[in-house]
Amino acid sequence: MTISEYFEFLDPDTVATYPEHLRVAHDYLALAFRLDDLSNYPRTQVLVKEYLDRIEAYRLQKDNTDHNTLKDSPLNAPTRIEKKRSAILDNRLVDDIPPDVVVLKRYLSFHERKVSREEVRSLLNYIRRARLRGEISLNSEFYEEVKSIQQKLVAAHKKMSTATFFKLENHSVLILLTHPIRLRPSVQLLKRYISLGDKKTKDAKEKARGLSQAIANALQGNRITTDDPFYEEVKDARKTLQAFLRSARKTLPIVEAELYGLDELPDDLKSADQLNGLNLCNEDDY
């Protein structure tokens, strides 16, 4: 099955019946389908083929299941697909987004909006720091893309005096490249939890209540299982949240032990003025 055939014979109602990991695959294929020519993007071609194969296999399994009422069939197990997520997606779940992917995602956020000179400068500094530290090197998966982005940002920075409207020519391609790389759900929730720590805000209780429910949903829906390296930390975080909601405290206490194994917030979330002594990259040499 080709991507063109997939969309030619697709029944829109069928997508709603896909399990979560195949809906993600469908969204990816929809983005890929918009590109005129995939031949220039070998990584995308490989991923498209993987997704098409998995969707076709799922359809065949479903057709067989519809004609097979055996109760002990593994295809009838309600949580099987959620527990046996697509290998290609599992392989892209990460505990921390790699710096080269951070660059691509931040650059993507500039698309079709006005971007200030400070935002461009901040991203250039992030690239500069990451390269000086060796976090982005020739061995990085998206080294060439980062190099191209840096060149474009330097050129834009030279011309900018006020906020400038950005329209990225390779917007769809960058989305396709970064789409499969996702932060592990447990890490997403723990970062939200840490961000609440010791902050006096009027809606601290409301945020804690929402986060506690989000954790409960993730655990009950098998988005976070016992195989997750941060499973216990997530459970402990929910206990702390529940205790906080029952207490009269106005801030959520975060103990140091709960932060074990998690990095600090990435530097790119800090002010552009706090760059640890690293200046903006030389505009003639990246």
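**Reading helix pairs**

A: Gladly! Two packed helices are described by the angle between their axes and the distance between the axes. In this predicted model, the axes of helix α8 (residues 117-132) and helix α9 (residues 143-159) come within 10 Å and cross at roughly 140 degrees. Because angles over 145 degrees count as roughly antiparallel, α8 is classed as oblique to α9.

Q: What is the handedness of the crossing where α8 passes α9, and which residues make the contact?

A: The crossing of α8 and α9 is left-handed. On the α8 side, the contact uses Arg117, Val120, Arg121, Leu123, Leu124, Ile127 and Arg131, and α9 brings Tyr143, Val146, Gln150, Leu153, Val154 and His157. By class, the contact of α8 with α9 has eight nonpolar, two polar and three charged residues.

Q: At what angle do helix α12 and helix α13 pack?

A: Helix α12 (residues 204-220) packs with helix α13 (residues 231-246) at about 145 degrees, and their axes are 9 Å apart. The crossing of α12 and α13 is left-handed. Among the contact residues are Ala208, Leu211 and Ile215 of α12, along with Val234, Leu241 and Phe244 of α13. The contact of α12 with α13 divides into twelve nonpolar, two polar and four charged residues.

Q: What is the mean pLDDT of the protein chain, and where does pLDDT stay under 50?

A: The mean is 76, with 73% of the residues at 70 or more. Over residues 69-91 pLDDT stays under 50, and the model has 31 contacts beyond four places in sequence for them. Residues 256-286 are also below 50, with 45 contacts beyond near neighbours in sequence.

Key:
Residues numbered from 1 in each chain as written. Predicted model: local features only at pLDDT ≥ 70, side-chain atom pairs only at ≥ 80, totals over all residues. Heavy atoms only, no water. pLDDT = per-residue confidence, 0-100. Contact = heavy atoms within 4.5 Å. Axes fitted to C-alpha atoms, helices over the stretch in contact; angles between N-to-C directions. Helix = DSSP H or I, 4+ residues; strand = E, 2+ residues; numbered from the N terminus. Parallel < 35°, antiparallel > 145°, perpendicular 65-115°, else oblique. Left-handed = near helix turned anticlockwise from the far one by under 90°. Nonpolar A, V, L, I, M, F, W, Y, C, P; charged D, E, K, R; others polar.
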